[in-house]
Amino acid sequence: MTVVLDGYSFLECPRWHDGRLWVSDFYTNQVVATDGRGHVEVVAEVPGQPSGIGFLPDGRALIVSMRDHRILVRDESGSLAEHADLSGAVSGVLNDMVVDDRGRAFVGDFGFDLMGGAPLRYTTLTRVDTDGTVVTVADDLGFPNGMVILGGNVLVVAETFAGRLTAFDIAEDGGLSNRRVWAQFGEPPQTEDVGEAVEQLQVGPDGICADAEGAIWVADALNARVIRVQEGGAILDEIATGLGVFACMLGGDDGCTLFLCAAPSFPEHERRPVREAQLMAVRVDVPHAELP
């Protein structure tokens with residue numbers, strides 16, 4: 001395990017793109033990109049707090065602006081503009097995002113005021129089309145978080161507070177169907193109390209990424225580890241991180257570097273005033289595949 005970057009507030013949503021890892025830092029309102037060898041560039045300033053990152057077919061970046069419920073688009077000059085406004089479709093701050101090969105973005109949201117101590121509520125998944133049209137495509141999701149697209153037409157969503165990965169088939173028009181459990185880690189908590197739910201969860205699936213054998217690496221936000229999971233829920237591998245780990249991404253020149261977004265804890269009041277977050281990396285055997 002090596003430390004690639006340190007001195008950040010809370011890193012999330014890493015994406016490998018054109019030889020660099022892009023990653024959002026929640027409480028400095030920055031998106032940074034690194035080649036993993038010491039060079040770092042601030043590629044976007046997002047006052048509304050950046051989260052999910054994806055890329056359109058023409059190479060422009062889409063960036064989630066969490067608190068004002070927008071998706072921003074970054075052009076080659078680095079300028080940001082509004083791509084879509086989701087404020088009429090979501091009930092909580094926006095979260096992670098995956099962009100398919102047609103440029104359609106699938107976006108999750110918290111669904112309730114997690115940081116403010118509100119009762120746990122299930123929520124929706126939103127699709128943003130290339131023209132900025134906003135459509136609700138799924139509901140009753142337990143904190144939709146990291147997402148991958150397998151085989152071009154299967155969306156897998158990490159439901160953090162349901163302790164599972166859920167799959168959908170993506171239709172030609174972007175609709176979702178055939179909802180099914182891809183992997184279940186114990187029984188979903190039957191409580192609205194976040195603290196009780198955390199105690200009941202065996203795995204807290206947060207950010208995810210896929211490899212060339214169809215397995216998914218899962219950042220287990222509750223147990224300071226990443227796990228490699230196959231469809232059906234069998235855990236094939238486990239890497240302890242020493243710190244809480246909240247997202248992961250395969251990248252590097254050969255796709256076999258697993259980047260990990262780590263921090264001592266998750267709550268905003270603990271992370272915002274300090275700079276203890278790290279981007280770590282570890283070598284694995286099977287390279288990156290699929291989206292993101």
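Me: What makes β6 and strand β7 (residues 61-65) count as strands that pair?

Reply: Four bridges join β6 to β7, and the two run antiparallel; two strands pair if DSSP finds at least two bridges between them, so the four bridges here meet the criterion. Within this pairing, Ile 53 has Ile 63 of β7 as its bridge partner. This is a predicted model, in which local features need pLDDT of at least 70, side-chain atom pairs count only at pLDDT 80 or more, and totals for chains, interfaces and linings use all residues. Residues are numbered from 1 along each chain as its sequence is written, and side-chain values use heavy atoms, with hydrogens and water left out.

Me: Why are β6 (50-55) and β9 (80-85) called edge strands?

Reply: The open sheet has four strands in the order β6-β7-β8-β9, paired in the antiparallel sense, and β6 and β9 are its edges, each pairing on one side only. From one strand to the next the twist averages 30°, where axes are lines fitted to C-alpha atoms (for helices, over the stretch in contact) and angles run from 0 to 180 degrees between N-to-C directions. The strands themselves are DSSP runs of E with at least two residues, helices are runs of H or I with at least four, and both are numbered from the N terminus.

Me: Why is strand β3 (residues 20-25) described as largely enclosed by the rest of the structure?

Reply: Buried means under 20% relative accessible area, exposed means over 50%, and partly exposed lies in between (1.4 Å probe, protein chains only); five of the six residues of β3 are buried, so the rest of the structure largely encloses this strand. Strand β2 is mostly covered as well, with six of its seven residues buried.

Me: How do you know that strand β2 (residues 11-17) pairs with β3, and what is the sense of that pairing?

Reply: β2 and β3 share five bridges and pair in the antiparallel sense. Leu 11 has Asp 25 of β3 as its bridge partner, while His 17 stands opposite Arg 20 in β3. The two strands form a hairpin with two residues between them, and in that turn Asp 18 has a positive phi of about 50°. On to the next pairing, β3 is joined by five bridges to strand β4 (residues 30-34), again running antiparallel, with Ser 24 standing opposite Val 31 in β4.

Me: What makes Asn 29 partly exposed?

Reply: Asn 29 has a relative accessible area of 23%, so the residue counts as partly exposed. Asn 29 belongs to the loop between β3 and β4, a hairpin with four residues between the strands, and has a positive phi of about 60° although it is not a glycine.

Me: Why does Arg 104 count as buried?

Reply: Its relative accessibility is 10%, so Arg 104 falls in the buried class, although Arg 104 lies in the loop between β10 (94-99) and β11 (105-109).

Me: What makes the link between the side chains of Arg 104 and Asp 100 a polar contact?

Reply: A polar contact is a pair of N or O atoms within 3.5 Å; within protein, one atom must be able to donate a hydrogen and the other to accept it, and residues adjacent in sequence count only if both atoms are side-chain atoms. The contact with Asp 100 is listed at 2.7 Å, so its distance meets the 3.5 Å limit. The backbone oxygen of Glu 172 also lies 2.9 Å from a polar atom of the Arg 104 side chain. Leaving aside neighbours within four places in sequence, Arg 104 has contacts (heavy atoms within 4.5 Å) that include Arg 127, Asp 129, Ile 170 and Asp 173.

Me: Which residues touch the most other members of the largest nonpolar core?

Reply: A nonpolar core is a set of buried Ala, Val, Leu, Ile, Met, Phe, Trp, Tyr and Cys residues joined through side-chain atoms within 4.5 Å. Here the largest has 58 residues, of which Ile 71, Val 107, Phe 161, Trp 217, Val 226 and Leu 258 touch the most other members. Apart from it lies another core, of 17 residues, among them Val 148 and Phe 185.

Me: Which residue has a cis peptide bond with Leu 291?

Reply: The bond from Leu 291 to Pro 292 is cis, with omega near 5°, and Pro 292 is in the segment after β24 (277-283). Glu 290, also placed in the segment after β24, counts as partly exposed at 34% relative accessibility.
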